[in-house]
Amino acid sequence: AKALDSEEGIAFVVHHPQVTGNTIEEQLQSTTMTQVAAQVSRKRQATSNFYLYTGDDIKPFLGVEEARSSRPFVSKVEDHAAPLVWSPEKEEDVHSPALLKWLDANNFPLVTELGPHNFNKMGKAGRRLAMGIVDGEDEAMIATIKTDLAAYAANGPKAIVDQYYFGWLDGKKWGKFITQFDVEAGALPQILVLHVPSREYWQNTDYKTVQSFLEAIDNGEIKVQDHASHRGFVGKMHKLEYWFFRHMPWSLIGLIVFAILMVVFVVPAADELRPPYPRQDVQAAQAQEEREKEESKKEK
């Protein structure tokens, strides 16, 4: 649709079959749904694009189930994604707070590039971020991860999908940032899940697809990690442990070589380990010598 001219490529279309009036203002005031949509559009005019549709062909704006209904609706429309519809069954449920809540939770593309312009906004919107970490200069890698993210975001189990926003991040450009979460810029692509407010995250290189990764989180196979616990000495030890297992078996071979060198160059030889205890015969000889000296002094 031509309406998709917002920065994020999404728009919100409001429709009511009983809209009346000759001007746009008259039409917006003619029904509860259009009144509420007008109020919300004014509150979110800086971040959302609203359009009033008064035509008869509403199928492009509806999902499979909603297409069978004649209720008024607000539809989120996005290129290459199924519509997402807000359409309360009861008119008393059509009010500004309810539409605002729905809008703020869904005012993001199905999959988007993450960066300084939207990371905090998405991260603090109430869901976890499911991110594909990629080499931003590798177009094939980006295309593959975007396809994987979009497929699961559109078709995955609703109970899981509704916990996440989906996006991809240039791991080369933001290398310092991703190392906080055990992701190395030289080992891409990877999937990382982050809950921004709590700084909790989920990371595991054994799971290569979005589906396997998120379902492993859901069934407890991938455990949550706390970024706060990665500070100070404990954090350094955690990173050392991660690095060690990440580079097996070479890290183990290096550790064995280091241990051998320590034994060769640092541990003293066997004769150097003997305690410096004097022998009894030496002690007796030293005592005899002392006595002879004393006797010699007396004679003088």
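Me: Where is the place of His80?

Reply: His80 has its place in the loop between strand S3 (73-78) and strand S4 (81-86); strands (E, at least two residues) and helices (H or I, at least four residues) are DSSP runs, numbered from the N terminus. This is a predicted model, in which local features need pLDDT of at least 70, side-chain atom pairs count only at pLDDT 80 or more, and totals for chains, interfaces and linings use all residues. Residues are numbered from 1 along each chain as its sequence is written, while side-chain values use heavy atoms, with hydrogens and water left out.

Me: Why is His80 called exposed?

Reply: The relative accessible area of His80 is 84%. With a 1.4 Å probe and protein chains only, buried means under 20%, exposed means over 50%, and partly exposed lies in between, so His80 counts as exposed.

Me: How do you know whether Arg199 is buried, partly exposed or exposed?

Reply: Arg199, in the loop between S8 and S9, has 28% relative accessibility and therefore counts as partly exposed.

Me: What makes the approach of Arg127 to the backbone of Asp162 a polar contact?

Reply: The side chain of Arg127 reaches the backbone oxygen of Asp162 at 3.3 Å, and that of Tyr164 at 3.4 Å. A polar contact is a pair of N or O atoms within 3.5 Å; within protein, one must be able to donate a hydrogen and the other to accept it, and residues adjacent in sequence count only if both atoms are side-chain atoms. Both distances therefore meet the cut-off.

Me: Why do S5 and S10 count as edges of the sheet?

Reply: Six strands form an open sheet of mixed pairing, in the order S5-S7-S6-S8-S9-S10. Two strands pair if DSSP finds at least two bridges between them; strand S5 (111-113) and strand S10 (225-226) each have a single partner strand, so one side of each is left without a neighbour in the sheet.
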